[in-house]
Amino acid sequence: MVEQKFNEAIQRIFQRWTTLALATEQGWGGRDSIAKGRQLQAEVIEYLSAASRKKRPPSWENPGDCEDLAYFLYLRLDELFSTETDDGSPMEVATLCLRLFNSCQQGDLSFANQVLQVCDSAPQPDLLKSQGSERIEYATEEDELLDKLDGMDIDEESDGDGDPSCEAQDANVSSMAAHMAHMAQPTQVPTPNEGYSKPRDVPEPIVDEDGFTSVVK
């Protein structure tokens, strides 16, 4: 009875964890994201079970024990879903799990019932309004650079409402493109009226009867 109630309550806690719900529903861990969410829950239960066999079992009233479990949750989220949490939720989940585990170990189901009641009465979080971030890891810096270059889109028209840094980049690209287009155009040689003087007519030399050539200026 106690174990069943504990499993039901801890399942509700993980179902209400918005970060984990986003990671599983939006597939941050790939096609097996839902299975990875269940795996994380099982790992936490195993973590608590193993810790209870220590000489000093963890307690939810000890901040250090809560921080240890929170760090474990933080690392596993990163490893399973490639996501980092900075909203303090791992600490909240760790504290709830530890308190639930401590109370159930003592045969007290009051906190487990309270968790079930609160979770069942509270509305489900709207995951469509929640925003998450996906982190992409690259094997080398060259891979990251190539991916960023491949993802660059140069728009011929801009609506004028974009990021200033992006607009400046687009302006630089457009200016460079215009400059290159200008350089590619054939050079036009100016006509005589556009800067060059027309060569004057030079008279042909005159040769007299004795064979001498007269110089004409």
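Reader: What does D65 form with R56, and how far apart are the closest N and O atoms?

Author: In this predicted model, D65 forms a salt bridge with R56, and the closest N and O atoms of the two are 3.0 Å apart.

Reader: Is D65 buried or exposed?

Author: D65 counts as buried, because its relative accessibility is 8% and the cut-off for being buried is under 20%.

Reader: How many salt bridges does the count come to?

Author: The count comes to 4 salt bridges. One of them joins the side chains of R12 and D120, with 2.9 Å from N to O.

Reader: Switching to rings now, how many aromatic pairs does a search of the whole structure find?

Author: The search finds 3 aromatic pairs across the whole structure. Among them is the pair of F6 and F101, whose ring centres are 5.8 Å apart and whose planes stand at 65 degrees, so this pair is edge-to-face. F6 lies in helix α1 and F101 in helix α5, residues 89–105, so the pair ties together parts that are 95 residues apart in sequence.

Reader: Are F6 and F101 buried or exposed?

Author: F6 is buried, and F101 is buried as well.

Reader: What sits over the ring of W60?

Author: That is the charged end of R99, which sits over the ring of W60 at 4.6 Å from the ring's centre.

Reader: Let me zoom out: how many helices and strands does the protein chain come to?

Author: The secondary structure of the protein chain comes to 8 helices and 2 strands, and, read along the sequence, the pattern is α-α-α-α-α-α-α-α-β-β. Buried residues make up 24% of the 217 residues in the chain.

Reader: How do the axes of α3 and α5 cross?

Author: The axes of helix α3, residues 33–51, and α5 come within 11 Å and cross at roughly 50 degrees. The two helices are therefore oblique to each other, and α3 passes α5 in a right-handed crossing.

Reader: One last topic, what is phi of S82 near?

Author: Phi of S82 is near 55 degrees, which is a positive value in a residue other than glycine. For background, most residues other than glycine have a negative phi. S82 is found in the loop between α4 and α5, and S82 is partly exposed, with a relative accessible area of 28%.

Note on methods. Residues numbered from 1 in each chain as written. Predicted model: local features only at pLDDT ≥ 70, side-chain atom pairs only at ≥ 80, totals over all residues. Heavy atoms only, no water. Buried < 20%, exposed > 50% of the residue type's maximum accessible area, 1.4 Å probe, protein only. Phe/Tyr/Trp six-rings, centres within 6.5 Å; stacked < 30°, edge-to-face > 60°. Helix = DSSP H or I, 4+ residues; strand = E, 2+ residues; numbered from the N terminus. Lys NZ or Arg CZ within 6 Å of the ring centre and 35° of its normal. Axes fitted to C-alpha atoms, helices over the stretch in contact; angles between N-to-C directions. Parallel < 35°, antiparallel > 145°, perpendicular 65-115°, else oblique. Left-handed = near helix turned anticlockwise from the far one by under 90°.
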